[in-house]
Every structure is written in structure tokens, then in C-alpha cells.
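Me: I've got a model open and want to go through it with you. Can we start with the strand pairing?

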Amino acid sequence: QVQFVESGGGLVQSGGSLRLSCAASKSISSAIITQWYRQGPGKERELVATITRSDRKVYAEFVEGRFTISKDVAKNSLYLEMNNLKPEDTAVYYCYAVPDGVWGQGTQVTVSS
């Protein structure tokens with residue numbers, strides 16, 4: 001199993017930026033895909049971004065070019081650079097890996113208007 005510890009969340013004003021980090025408990029080099037998800041208040045968990053083993057990146061439509069997913073296999077880490085944040089981006093953000101991913105505690109992102 002691959003467990004994650006997410007960090008980097010916080011309170012930011014609309015239009016601001018944050019960089020989320022995710023430390024994996026073991027190597028992510030064998031993961032087929034690694035992903036960022038989020039769950040807003042009263043909402044279902046939703047996929048934000050995916051990065052494949054070959055570094056292909058796929059984003060949800062709502063990202064609209066504002067976020068960038070990246071990884072550092074040597075550091076067993078996953079990142080999400082978020083710019084031009086909006087109040088609707090307020091959520092707990094989680095990492096996940098396929099296969100063998102285990103949900104962590106997430107990191108809270110709050111965007112004030």
C-alpha cells in the first residue's frame with residue numbers, strides 16, 4: 001500500500017496561490033497514475049488532476065489552466081501548484097495512487113472572497 005501525507009494547505013484570498021505537497025510512504029515509481037482529489041463542504045470527492053508514469057498530465061475541466069501537477073520520484077513526492085484560486089476551490093485536497101493507494105488525511109485549502 002502507498003500511504004500519503006498531504007501538506008501545504010491554508011487560507012488564501014481569491015486570486016492567490018498555494019503549492020500542495022504529498023509525501024508517499026514508499027516509492028511512487030511503480031504507480032501507474034498518481035492523482036490529486038478534493039472534497040468540498042457538502043460535496044462528493046472529485047478528481048482534480050492526474051499524472052501518469054510517463055508524465056502525461058490530465059486535468060479536470062474546472063482547473064481551467066490554473067493548476068499544475070508534478071512529481072519527484074526520487075523524493076517520493078507529488079505536488080499541486082494552484083494559481084488564481086477561487087472560493088469554489090475551497091476543499092480538503094488528497095493524494096492517491098493506482099495501484100495500492102490509501103487515502104490520507106488531506107490538507108485543507110480555504111479561499112476567501
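Me: What is the bridge partner of G10 in β11?
Reply: V109 is the bridge partner of G10 in β11. This is a predicted model: local features need pLDDT of at least 70, side-chain atom pairs count only at pLDDT 80 or more, and totals for chains, interfaces and linings use all residues. Residues are numbered from 1 along each chain as its sequence is written, and side-chain values use heavy atoms, with hydrogens and water left out.

Me: How many bridges join β2 to β11?
Reply: Four, and the two strands run parallel. β11 covers residues 107–112. Strands here are DSSP runs of E, at least two residues, numbered from the N terminus. Two strands pair if DSSP finds at least two bridges between them.

Me: And what is the order of strands in the sheet?
Reply: β2-β11-β9-β4-β5-β6, six strands in an open sheet with mixed pairing. β2 (10–13) and β6 (57–59) are the edge strands, each pairing on one side only.

Me: Switching topic. Where is T50, and is it buried or exposed?
Reply: T50 is in strand β5 (residues 46–52). It counts as buried because its relative accessibility is 9%. Buried means under 20% relative accessible area, exposed over 50%, partly exposed in between (1.4 Å probe, protein chains only).

Me: What does the side chain of T50 make a polar contact with?
Reply: The side chain of Q35, at 3.1 Å. A polar contact is a pair of N or O atoms within 3.5 Å; within protein, one must be able to donate a hydrogen and the other to accept it, and residues adjacent in sequence count only if both atoms are side-chain atoms.

Me: How many disulfides?
Reply: A search of the whole structure finds one. C22 and C95 form it, with their sulfur atoms 2.0 Å apart; the cut-off is a pair of cysteine sulfur atoms within 2.5 Å. C22 lies in β3 (residues 18–24) and C95 in β9 (residues 91–98), so the pair ties together parts 73 residues apart in sequence. Both cysteines are buried.

Me: Which residues form the aromatic cluster?
Reply: Y37, Y94, Y96 and W103. Rings of Phe, Tyr and Trp (its six-membered ring) pair if their centres lie within 6.5 Å; planes under 30 degrees apart count as stacked, over 60 as edge-to-face and the rest as tilted.

Me: How is the Y37 and W103 pair arranged?
Reply: Edge-to-face, 5.1 Å centre to centre with 85° between the planes. Y37 lies in β4 (residues 33–39) and W103 in the loop between β10 (101–102) and β11, so the pair ties together parts 66 residues apart in sequence.
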